[in-house]
Amino acid sequence: MTAQILAIYAVALSLLIGSGFVLVGVIGLLKFDDPMTRLHAPTKVGTVGIGMLLLASMINSFRMGDTSIHEILIMAFLFVTAPISAHFIAKVGIHHRACETPPSPPRDETWSTLKSPEPDQGTEPTAQG
């Protein structure tokens with residue numbers, strides 16, 4: 001197999017993977033009801049899908065003998081702006097009370113740490129023998 005044929009297969013595979021991710025993102029955007037859950041589909045899945053489509057474009061331009069850096073710039077812009085915009089949309093939803101507020105964390109020192117809670121004083125471990 002020559003490099004040209006391998007590049008064509010890589011482009012086809014990238015296009016299939018990218019279009020699959022974009023399709024899943026669109027279905028998730030249409031299926032979810034809540035704005036907070038609807039936010040995950042285009043930001044998480046769509047970013048990977050568009051990244052794969054841009055990768056296919058880069059591989060194809062290198063196969064044709066033309067160097068293209070535009071796709072790298074588009075990927076960098078997309079990977080930086082998508083999480084930031086999703087964060088701002090989520091913050092607006094929280095401030096407008098358009099979604100359920102998460103429960104308060106437990107009031108002990110084990111919350112958000114690697115410590116495990118102390119066993120109850122009334123129960124002692126039994127040794128089996």
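The model is predicted: local features need pLDDT of at least 70, side-chain atom pairs count only at pLDDT 80 or more, and totals for chains, interfaces and linings use all residues. Residues are numbered from 1 along each chain as its sequence is written, and side-chain values use heavy atoms, without hydrogens or water.

Start with the whole chain. It has 4 helices and 0 strands (DSSP runs, H or I of at least four residues for helices, E of at least two for strands, numbered from the N terminus). Of its 129 residues, 21% are buried (under 20% relative accessible area, 1.4 Å probe, protein chains only). Take contacts (heavy atoms within 4.5 Å) between residues at least 6 apart in sequence: 62% join residues at least 24 apart.

Now follow H3, residues 40–63. Its 24 residues reach 34 Å from first C-alpha to last, close to the 34 Å expected (1.5 Å times one less than the number of residues). H3 bends by about 35° at glycine 46 (the angle between axes fitted to the seven residues ending there and the seven starting there). Gly46 is also buried, as are Gly49, Gly51 and Met52, among others. The buried residues of H3 pack against H1 (3–31), H2 (35–38) and H4 (70–95). After H3 comes glycine 65, with a positive phi near 95°.

The chain exposes about 10200 Å², and carbon and sulfur atoms supply 68% of that (Shrake-Rupley method, 1.4 Å probe; for residues, only the protein chains shown count as cover). Tyrosine 9 lies in H1.

Technical notes: Buried < 20%, exposed > 50% of the residue type's maximum accessible area, 1.4 Å probe, protein only.
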